[in-house]
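Hi,

Here is the structure I said I would pass on. Have a look at it first, and then read my notes below.

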Amino acid sequence: MRVAVVTGGSSGIGAATVRALAREGWTVVAAARRTDRLATLAEEVAAAGGPGRVVPATLDVRDTVSVDALAAAVADAHGRCDLLVCNAGVGGGDLEDRADLDEVLDVLDVDLLGTVRCCAAFADLLARSAPSQVVAVASVAGKLGVGPPGYVAAKFGMVGLAEALDLAWRPRGVAVTQLNPGFVRTEGFPQAWADGTPAARVVAEPDDVAAAVLRVVRSRRRERTVPGWYRAVVVLRHTLAPAWWRIAAATDRPRRRERALRRDRRDRTA
Ligand SMILES: NC(=O)c1ccc[n+]([C@@H]2O[C@H](COP(=O)([O-])OP(=O)(O)OC[C@H]3O[C@@H](n4cnc5c(N)ncnc54)[C@H](OP(=O)(O)O)[C@@H]3O)[C@@H](O)[C@H]2O)c1
């Protein structure tokens, strides 16, 4: 049976990916900090009676010991890892002044360094299981540079990591794919800004991203954007940069107002 490890499997895109892979017959090691959630997910999948199964695992991607322990446990229990989905992530990371430093560092630690830790810990097992694959759940924020700077930096980092790792690892049978979702409604990213507006139509669901994970696992392609129309925006950013910066500034305006209000509140309570 093929074995997948999904980090951040306890909610949102990760949980949807765990369910989708289990429906396709995979043994899925679902890893996160909230193990109660993972246990419920495993029971739900077992009760559905599908061909796959879910194995819950405790993981904090900020902790190298925890990540290494997960890789060792997967090697011991299953002897292989055919797919590593680096999905664990948090949002936020505005950088207005010194008070924001801890949050920015945390976002980088979870989203970017967590992915680095997971890729390092699973490198040997993935190579021994070749042909195998890593799917890095980055973001269109890692292509466009719009959003909280800490988050954008982490996602640009993930995109670069995935591109360079694919060059290094594909010759040994390990494909590395960057999967770049746009806005998706989840616990960590509720997308409340879009509620009741026409923009709600562009907000995708976690199942849309899970379906894209299944597609890149079949195709082993290097890059995928979900929904696909965001690719046109990425092309615009690279081919007509001056026009793009005007659009980006307009897109950032509501967030600028929100940041100013937050700064104001903080200064008043200081
Ligand atoms: N939603 C969007 O609009 C969107 C768009 C583009 C990309 N993404 C990316 O998609 C990924 C999944 O996000 P989501 O939207 O599904 O949000 P979510 O529902 O909040 O899920 C985040 C997951 O990450 C896990 N996580 C957070 N910190 C962790 C840590 N230190 N160690 C291990 N696991 C950790 C959480 O599990 P525990 O809290 O149980 O540990 C949870 O399972 C993220 O990388 C995010 O950047 C999301």
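To start with the ligand: how far is an oxygen atom of the ligand from a polar backbone atom of Gly89? The distance is 3.3 Å. Bear in mind that this is a predicted model, so every distance here is computed from predicted coordinates.

In the side chain of Arg33, an N or O atom sits 2.8 Å from an oxygen atom of the ligand. As for cover, the ligand on its own has 880 Å² of accessible area, and the protein covers 96% of that.

Now zoom out to the shell. The ligand is surrounded by 33 residues, and the closest are Ser10, Arg33, Tyr151, Val184 and Thr186. By type, the shell splits into 14 nonpolar, 12 polar and seven charged residues.

One more residue I looked at is Thr27, which is found in strand β2 (residues 27-32). Is Thr27 buried or exposed? Thr27 counts as buried because its relative accessibility is 3%, and the cut-off for buried is under 20%. Leaving aside residues up to four places away in sequence, Thr27 touches Met1, Arg2, Val3 and Ala4, along with Arg53, Val55 and His78.

Cheers

Definitions and conventions: Residues numbered from 1 in each chain as written. Predicted model: local features only at pLDDT ≥ 70, side-chain atom pairs only at ≥ 80, totals over all residues. Heavy atoms only, no water. Near = heavy atom within 4 Å. Polar contact = N/O pair within 3.5 Å; in protein donor to acceptor, adjacent residues only side chain to side chain. Areas by Shrake-Rupley, 256 points an atom, 1.4 Å probe, with all protein chains shown as cover. Nonpolar A, V, L, I, M, F, W, Y, C, P; charged D, E, K, R; others polar. Helix = DSSP H or I, 4+ residues; strand = E, 2+ residues; numbered from the N terminus. Buried < 20%, exposed > 50% of the residue type's maximum accessible area, 1.4 Å probe, protein only. Contact = heavy atoms within 4.5 Å.
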